[in-house]
Amino acid sequence: MVLYTTPFSNSCLSALHAVSWYLIFPCYWLLDQLLALFTPAPCQKNQLLCLVLFMPIYLGFLVASLPFAFLGFLFWCPLQCARRPYVYSRLEDKGPAGGGALLREWKGTGPGKSFCFATANVCLLPESLARHNNVYKTQVRAKEIGHRIRNGASRPQIKIYIDSPTNTSISAASFSSLVSPQGDGTARPVPGSIKRTASVDYKGNSGRHPSDEAANGPASGDPMDCGGPENACIVRIAGEEGGRHPEADDPSAAAAAAGGQARDGAAAGGPRGQTPNHSRRDGDSGSLGSRSASKESLVKARAAAGLDSGGSGEPGATHGKAPAHKASVVKKVAARKRRHPDEAFDHEISAFFPANLDFLCLQEVFDKRAATKLKHQLHGYFEHIVYDVGVYGCQGCCCCRRCCEAHCCFKCFNSGLFFASRYPVMDAAYHCYTNGKGVDSLASKGALFLKVQVGSTPQDQRIVGYITCTHLHAPEEDSAVRCEQLDMLLEWLADFRKSTSSSSTANPEELVAFDVVCGDLNFDNCSSDDKLEQQHSLFTRYKDPCRLGPGEEKPWAIGTMLDQDGINDEDVSSPENLQKVLESEEGRREYLAFPISKTSGAGQKGRKDVLKGNGRRIDYMLYAEEGLCPDWKAEVEEFSFITQLSGLTDHLPVAMRLMVSTGDEEA
């Protein structure tokens, strides 16, 4: 299958489309700004004054631009029939972090390989529509969202290992930090000696600005080793003088410390996969270059060590006493793990996107200019991007299978789907849902199917993975519409896998490593009104790491839909603040959206004391356990709810690290 790198098949159509859009755009922009005046932004002090001053100006120019817009529309509308359903962009990177180098890392041998996925609804709508969700300045947000995602994904993956002179054993949580996976699937010891200290050695706050360290590297003698093809940092932790380190006996404390360090990682350097982190003065509250981020991670790591040592992990005079709420957070994590000992993977609320993020799926990237800004930012880390997904204009008549009603479908917006990958994209396909209703039918919501190559065997067999990104019908009362869309999705996915597979049982040319479905499904697993979707066959074919069964969530899972009234509150204005708030039940009830029953007349604010669960989780990350290469197994290694986009969207991104085990026990 050929990937489409341009919207049209020839330059003549592309030029005609560009001219028609230039004629339409002034009218489109003026109308958007005019409507936005009626929904004031928080920084807008006097709405009445703005209306009086700007409404006549916008209205006058809008009327003047109408003839040009009409002329452009006459050309633009027929051209949409020849438009391709997506645009594929590749910014080739021949460095050690490029896609070609990644393909050579895994040969399908050894214990396996992990892949990291993330999905987020970023609400990049035209300004007048975005303001209804209490988010503003779409073009500015698009650039900042890409900046934060890139910085979060490209930060070093911190590895922590522990040693003690009285004990040569190493906790299970820290064992993986002592080996460095190689391209041939083997694991070798990381060179370097272990320095004995009473606490975590980290020189991020040693007087140098983080940007200086990103540009020039750590100072001589720094015990943090950031380098190598995996961009991993080694943080050395040792026990107190004359005794065992408490984490050597308690793996849960070590895991808590490692989780805190990985979540709040240090600065990185380099353009791709090592993008220098920006500081808070750049206007990014989620900046990885902020000193508070590294200090917070230190407090968490030390607090984790102090839990099981009777206070022996007290921070030194350099950083002062650890705040009480930090210690309580670690205690809650440790207690949660003890309450659920059968959980096979780590889970957390993280202030950053996972390090070494491989695949990113976004929804509601409706604005074309915002999509272009987002693409430019993310190309600093992701080599392959698929954007501008969907159809426009009049696409004939759509027929709803369930009700057999035909209606004209004019699409004002594309699907809003956006995909970015570090690995090469082999095939892509898009399908538009044919049963949209009401205002939701103005967007060409659908499903984007992708096939990526993640490696090759010594026998030149390709190792591939399948990823599906989708956004379902929004109105809460239309459960039947969403169920029908899920039926379409499963049918289209089966057809896509069949049409793109070059393998047969007798001659397997490809090995399937994973099959992931993610996106905004617009229903949760707690609402009584969503029972129809909760029992859909999608959840028998794909596994949800956050779900115990229909209507029953795992205790640690939280909602991903924020209460729009509180998005701009100071208490959740930064990723760190939002993270702290969501770690408490009171904070979740205050700032997350909860299920609203159609049979209840009370509002959400008045019913929070009787609501069950931890909020509406409508953003999903699902994976298949079947349909993979024989003897291969996909298991979740880590799941996280991410707060790094606080203030930029009304959803929480979610991420999942999936370990693909090959069944080969050789290390």
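This briefing describes strands, a helix, salt bridges, surface patches and backbone angles in one structure.

The structure is a predicted model, in which local features need pLDDT of at least 70, side-chain atom pairs count only at pLDDT 80 or more, and totals for chains, interfaces and linings use all residues. Residues are numbered from 1 along each chain as its sequence is written, and side-chain values use heavy atoms, with hydrogens and water left out. Helices (H or I, at least four residues) and strands (E, at least two) are DSSP runs, numbered from the N terminus. Buried means under 20% relative accessible area, exposed means over 50%, and partly exposed lies in between (1.4 Å probe, protein chains only).

- Strand S13 spans residues 418-421 and is covered on both faces. Phe 418 and Ala 420 are buried on one side, and Phe 419 and Ser 421 are buried on the other.
- Two strands pair if DSSP finds at least two bridges between them.
- Strand S9 (residues 359-365) runs antiparallel to S13 and is joined to it by four bridges. In this pairing, Leu 362 stands opposite Phe 418.
- Strand S10 (residues 384-387) is also antiparallel to S13, with three bridges between them. Here His 384 stands opposite Ser 421.

**Helix H16**

- Helix H16 (residues 575-582) is largely enclosed by the rest of the structure, because six of its eight residues are buried.
- The buried residues of H16 are Pro 575, Glu 576, Leu 578, Gln 579, Val 581 and Leu 582.

**Salt bridges**

- Side chains of opposite charge can pair when their charged atoms come close. A salt bridge is defined as a side-chain nitrogen of Lys or Arg within 4 Å of a carboxyl oxygen of Asp or Glu.
- The whole structure contains 20 salt bridges.
- Asp 478 and Lys 437 form a salt bridge with an N to O distance of 3.7 Å. The two residues are 41 residues apart and link distant parts of the chain: Asp 478 is in the loop between strand S16 (462-471) and helix H13 (479-500), and Lys 437 is in the loop between strand S14 (425-432) and strand S15 (446-456).
- Asp 478 is buried at 13% relative accessibility, whereas Lys 437 is partly exposed at 43%.
- Glu 476 and Arg 616 form a salt bridge in which the closest N and O atoms are 3.4 Å apart. Glu 476 lies in the loop between S16 and H13 and Arg 616 in the loop between helix H18 (604-607) and strand S20 (619-623), so this pair ties together parts that are 140 residues apart in sequence.
- Glu 476 is partly exposed at 38% relative accessibility, while Arg 616 is buried at 6%.
- Lys 633 and Glu 635 meet in a salt bridge at 3.2 Å, N to O. Lys 633 is partly exposed at 46% relative accessibility, and Glu 635 is partly exposed at 35%.
- One network, joined by salt bridges that share partners, consists of Glu 476, Arg 482, Asp 524, Asp 530, Glu 533 and Arg 616.

**Surface patches**

- Patches are made of residues with over 30% relative accessible area and no salt bridge; like charges are joined within 9 Å, and nonpolar side chains (Val, Leu, Ile, Met, Phe, Trp, Tyr) within 5 Å. Accessible areas come from the Shrake-Rupley method with a 1.4 Å probe, and for residues only the protein chains shown count as cover.
- Leu 16, Phe 70, Leu 71, Leu 74 and Phe 75 form a nonpolar surface patch, with about 490 Å² of accessible area together.
- Helix H2 (residues 47-79) supplies the largest share of this nonpolar patch, four residues. Leu 16 belongs to helix H1 (residues 11-36) and is partly exposed at 36% relative accessible area.
- Asp 565, Asp 569, Glu 570, Asp 571 and Glu 590 form a negative surface patch. Asp and Glu count as negative and Lys and Arg as positive, while His and the chain ends are not counted. The place of a charge is taken as NZ of Lys, CZ of Arg, CG of Asp or CD of Glu.
- Glu 590 is in helix H17 (residues 585-591) and is partly exposed at 39% relative accessibility.

**Backbone angles**

- Most residues other than glycine have a negative phi.
- Cys 123, although not a glycine, has a positive phi of about 55°. Cys 123 lies in strand S2 (residues 112-124) and is buried at 0% relative accessibility.
- Glu 364, also not a glycine, has a positive phi of about 60°. Glu 364 is in strand S9 and is buried, with a relative accessible area of 14%.
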